[in-house]
Structures are given as structure tokens and as C-alpha cells.
Amino acid sequence: MSTGAWIAVAAVAVALAVGTYRLLTDGRFRGTRSVVEVRGASATSLETTSPDDQSVWTDVQAAMPDAVAGEQATLVQFSSAFCAPCRATRRVLTEVADLVPGVTHVEVDAEHHLELVRRLGVLRTPTTLVLDGAGNEVTRATGAPRKEQVLAALGRA
Amino acid sequence: MSTTTTHHAPIAGAGIDPRGPQAAAAITAVVLVVVLLLAPSALGVALLAAQAVVFAVGSTRGVQHTPYSWLFRRLIRPRLAPPAELEDPAPPRFAQTVGLVFAVIGLVGFGSGVDLLGQVATAFALVAALLNAVFRFCLGCEMYLLLKRATAR
């Protein structure tokens, strides 16, 4: 085979591998990027600060003063303009917020809040963070989650 | 936006059938495979140039205005059920811009005799087109946030 043919075969293999991986992992809530580590350093020098003052929610609220936290949990969705699955995610999350009492949905335009995006380690849109009542991150999912996945993740908040 | 209700157009503004960009990506993928098989022959490079023109149309006017989408509307869509929902044309349009960038780099490569550059750039465009065609996954759209993160203040 010619070099071009080999490159074409490699491209197809890469696309199938990446696509299959995404298909399997998109929308799945997994762990949480440890923002705590980063904070740990500064937290020791600020012992008087209450835990709530360092929560992820504090960061979100600093960027978006009008956002409303849920008593039980807050679903923080990062979206961008060039993002087709963000729409589906918005629909699922607003539906869940309407359905479950004490849960709110906050959508952050990633492009316009890059500092928050970097601080929270968001790489893709949509990324959904589940915050507990105290505003701490419980888990997160990249890619569009299904309704059952969101409801299951809320069980951990 | 007016409050007038219409029977079609379930979303505000001009939504497009999401299967349109997907079909266009499938045709693009086939074209790019042929380019890889033929290039650096003149025919292969000409085909890549033609694909670049299609990307340019999609990038400036939206993917729904490319000849590939026209084929989709004429040949495929009449055989399908109406789409479950319409899609914002902005993300696929941005993806066309990303395709255009790769196609232009590819043309520069073949044009300057650096065939490997031409082939690798074409391969990147092919990966993006396949992800779109098979998985409806928009690689260029994700690169957008990463690019913003890396470059903007």
C-alpha cells in the first residue's frame, strides 16, 4: 500500500477508537477533579475561613452573581456557542431541576468565564458539575448525560 | 423573535436537520479518503482543492448551503422521517472552518512538495469528518474551548 493509504487506514482507526471511547464515557459521572489539592495549600494559611467560603459554589457565584444555589444540590453546566450536545444537556438538567425539589440548574457560558473554567479544570463542553448543599463538588460528567445518570449522581450529593 | 406560532420550526431561529451535517461529513470523509489514495497526483490535489471550496462555502454560509447538504435534502431526507429536533447551525458551521484550515494546510503541503504534511493535514480533517459522520461528535467544536482556554487572558 502507498503511504497515503496507510495514513487513511490510521485515520479511520483513530476516529473509531476516539469515537467509541467517547460513546462509552460521555455523560457518565465520575469522581471529581481534585480541586481540593490546589486549595489545600492556600487553605492552611487561611485557617479561620469556614469550609463554605472555599467551595466550588463560591467560585461559581463570584463569576455569576445572579446564580441561585439549590438547597440540596446544584447542577452547574458549562456550555459554549459551538456545542451541539449542550442543548440536550440543558434540557435534561432543567427537567431534573424542575422535578427534584431543592435542586437548581446553573448554566455557565464557558467562553466568557475562562478563569472559572481554568480554576475548575473544565476542558470540554458540556461539562456538568454536581454540587452538594454546601456547594462542594460531588461529581462531574463531560458530554451530554442522560436523565437517569443525573438522578443517580444526585443521590451522591 | 415574534410570538406568532407556526406549525413547523420547533426551535427559535433557523434550525437545521442534524442529519444534514452528518451526511455532509460522511461525503467529506469519502472524498478525503480518495484524496489520500490519489495524492500527491494532480487529480488528488485537485480533489482536495474542491473539498476546500466546499469547506469554504460551509464556513461562510453554513453547512446547509454546501452541495453535500443539497444532495442530502434531494436524495436522503425525503426517505427519512422528520427529525426529532432541529439543531443550531453554528456548531457545524464552525466545524467547516476547522476543516477548511486543515484542507488549506494540506494544499500548502502538496503544493510545496512536502507531501507528508499534505497527507497528515488531510488525515486530521478525515478523523474529524469521521467522528462527525459516525458518532455525531464535533471535534472542531471542542477544540474551540481548549483554544480559548490556552490563548485568551
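Tutor: Take helix 3 of chain B. Its buried residues pack against helix 1 and helix 2 of chain B. Keep in mind that this is a predicted model. Helix 3 of chain B covers residues 67-76, and its buried residues are B:Tyr68, B:Ser69 and B:Phe72. Look down the helix axis. The buried residues of helix 3 of chain B fall within an arc of 100°, so they line one face of the helix. An α-helix has 3.6 residues a turn, so residues three or four places apart point the same way.

Now step across to one of the packing partners, helix 2 of chain B, which spans residues 42-61. B:Ser59 sits in this helix. Is B:Ser59 buried or exposed? The relative accessible area of B:Ser59 is 13%. The cut-off for buried is under 20%. B:Ser59 is therefore buried. Which residues does B:Ser59 touch, once neighbours within four places in sequence are set aside? The contacts of B:Ser59 are B:Arg93, B:Gln96, B:Thr97 and B:Leu100. Take B:Arg93 from that list. In sequence, B:Ser59 and B:Arg93 are 34 residues apart. In space, their C-alpha atoms are 5.3 Å apart.

Next comes the empty space. Rolling a probe the size of a water molecule over the atoms shows where empty space is left. The search of the whole structure finds 1 cavity of 30 Å³ or more. The volume of the largest cavity is about 200 Å³. Its lining has 18 residues, and the closest to the cavity centre are B:Phe55, B:Ala95, B:Gln96, B:Ala129 and B:Asn132. Helix 4 of chain B gives the largest share, 6 residues. By class, the cavity lining holds 13 nonpolar and 5 polar residues, with no charged ones.

Compare the largest pocket. Its volume is about 920 Å³. The pocket is lined by 40 residues, and those closest to its centre are A:Ala84, A:Pro85, B:Glu87, B:Phe135 and B:Arg136. From chain A, helix 1 (3-25), helix 4 (85-99) and helix 6 (147-154) each give two or more residues. The largest share, 6 residues, comes from helix 4 of chain A. The pocket lining divides into 20 nonpolar, 8 polar and 12 charged residues.

Finish with chain A. It has 6 helices and 4 strands. Along the sequence, the pattern of chain A reads α-α-α-β-α-β-α-β-β-α. Chain A has 157 residues, and 45% of them are buried. Now take contacts in chain A between residues at least 6 apart in sequence. Of these contacts, 72% join residues at least 24 apart. One stretch of chain A carries a label. An unreviewed UniProt entry places a "transmembrane region" at residues 6-24 of chain A. In the model, that span is 100% helix and 0% strand. The end C-alpha atoms of residues 6-24 of chain A lie 27 Å apart.

Key: Residues are numbered from 1 along each chain as its sequence is written. Chains are lettered from A and ligands numbered from 1 in the order in which they are written. This is a predicted model: local features need pLDDT of at least 70, side-chain atom pairs count only at pLDDT 80 or more; totals for chains, interfaces and linings use all residues. Side-chain values use heavy atoms; hydrogens and water are left out. UniProt positions are given in the numbering used here, feature names are shortened, and annotations may be inferred rather than shown by experiment. On a 1 Å grid over the protein atoms alone, a cavity is a set of points where a 1.4 Å probe fits but cannot get out, and a pocket is an open set with protein on both sides within 12 Å along at least five of seven lines; lining residues have an atom within 4 Å of a point. Grid points are joined across faces, edges and corners, and a volume is the space filled by probe spheres set on the points. Ala, Val, Leu, Ile, Met, Phe, Trp, Tyr, Cys and Pro count as nonpolar, Asp, Glu, Lys and Arg as charged, and the others, Gly among them, as polar. Buried means under 20% relative accessible area, exposed over 50%, partly exposed in between (1.4 Å probe, protein chains only). The arc is that of the directions from the helix axis to the C-beta atoms. Contact means heavy atoms within 4.5 Å.
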